[in-house]
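Subject: Structure handover

Hi,

Here is the structure I promised, with my notes below it. Please read the two side by side.

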Amino acid sequence: MYLRHFAQHRARRQYELRARRIDKLDLPFPVMTASIGAEGGFYWGTTLEPS
């Protein structure tokens, strides 16, 4: 939802971004905003006690 504002509109409900791999910065590739994943556990907190 948030990435749509940075993407180009391609078709009905389809938005495209240009992405780059960290190891290949000179080779951008198109990616649809609906197919971008997220890191699991990004918002999890940490505790001092082991679980």
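**Overall build**

The protein has 3 strands and 0 helices. Both kinds of element are DSSP runs numbered from the N terminus: helices are H or I with at least four residues, strands are E with at least two. Read along the sequence, the pattern is β-β-β.

Two notes on the source. This is a predicted model, where local features need pLDDT of at least 70, side-chain atom pairs count only at pLDDT 80 or more, and totals for chains, interfaces and linings use all residues. Residues are numbered from 1 along each chain as its sequence is written, and side-chain values use heavy atoms, with hydrogens and water left out.

**The sheet**

The 3 strands form an open sheet in the order E1-E2-E3, with antiparallel pairing. Strand E1 (8-11) and strand E3 (24-32) are the edge strands, and each pairs on one side only. Two strands count as paired if DSSP finds at least two bridges between them. Neighbouring strands are turned by 40 degrees against each other on average, direction ignored.

E1 and E2 pair antiparallel over 3 bridges. Gln8 stands opposite Glu16 in E2. The hairpin of E1 and E2 has 2 residues between the strands, and Arg13 takes a positive phi near 60 degrees there.

Strand E2 (residues 14-21) is joined to E3 by 5 bridges, again antiparallel. Ala19 stands opposite Phe29 in E3. Arg21 stands opposite Lys24 in E3. E2 and E3 also form a hairpin, with 2 residues between them.

**Salt bridges**

How many salt bridges does a search of the whole structure find? It finds 2. The criterion is a side-chain nitrogen of Lys or Arg within 4 Å of a carboxyl oxygen of Asp or Glu.

One joins the side chains of Glu16 and Arg10, at 3.1 Å from N to O. The other joins Arg21 and Asp23, with the closest N and O atoms 3.0 Å apart.

For exposure, buried means under 20% relative accessible area, exposed means over 50%, and partly exposed lies in between (1.4 Å probe, protein chains only). Arg10 is partly exposed, at 47% relative accessibility. Arg21 is partly exposed, at 47%. Asp23 is exposed, at 54%.

**Surface and interior**

Leu3, Phe6 and Ile36 form a nonpolar patch on the surface, with about 300 Å² of accessible area together. Patches take residues with over 30% relative accessible area and no salt bridge; like charges are joined within 9 Å, nonpolar side chains (Val, Leu, Ile, Met, Phe, Trp, Tyr) within 5 Å. Phe6 sits in the segment before E1. Phe6 is exposed, with a relative accessible area of 69%.

Is Thr33 buried or exposed? Thr33 is buried, at 19% relative accessible area. Thr33 lies in the segment after E3. Leaving aside neighbours within four places in sequence, Thr33 is in contact (heavy atoms within 4.5 Å) with Leu3, Arg4, Ala7, Tyr15 and Leu17.

Across the protein, buried residues make up 10% of the 51 residues. The accessible surface comes to about 5400 Å², of which 55% belongs to carbon and sulfur atoms. Areas come from the Shrake-Rupley method with a 1.4 Å probe; for residues, only the protein chains shown count as cover.

Best wishes

Notes
Axes are lines fitted to C-alpha atoms, for helices over the stretch in contact, and angles run from 0 to 180 degrees between N-to-C directions.
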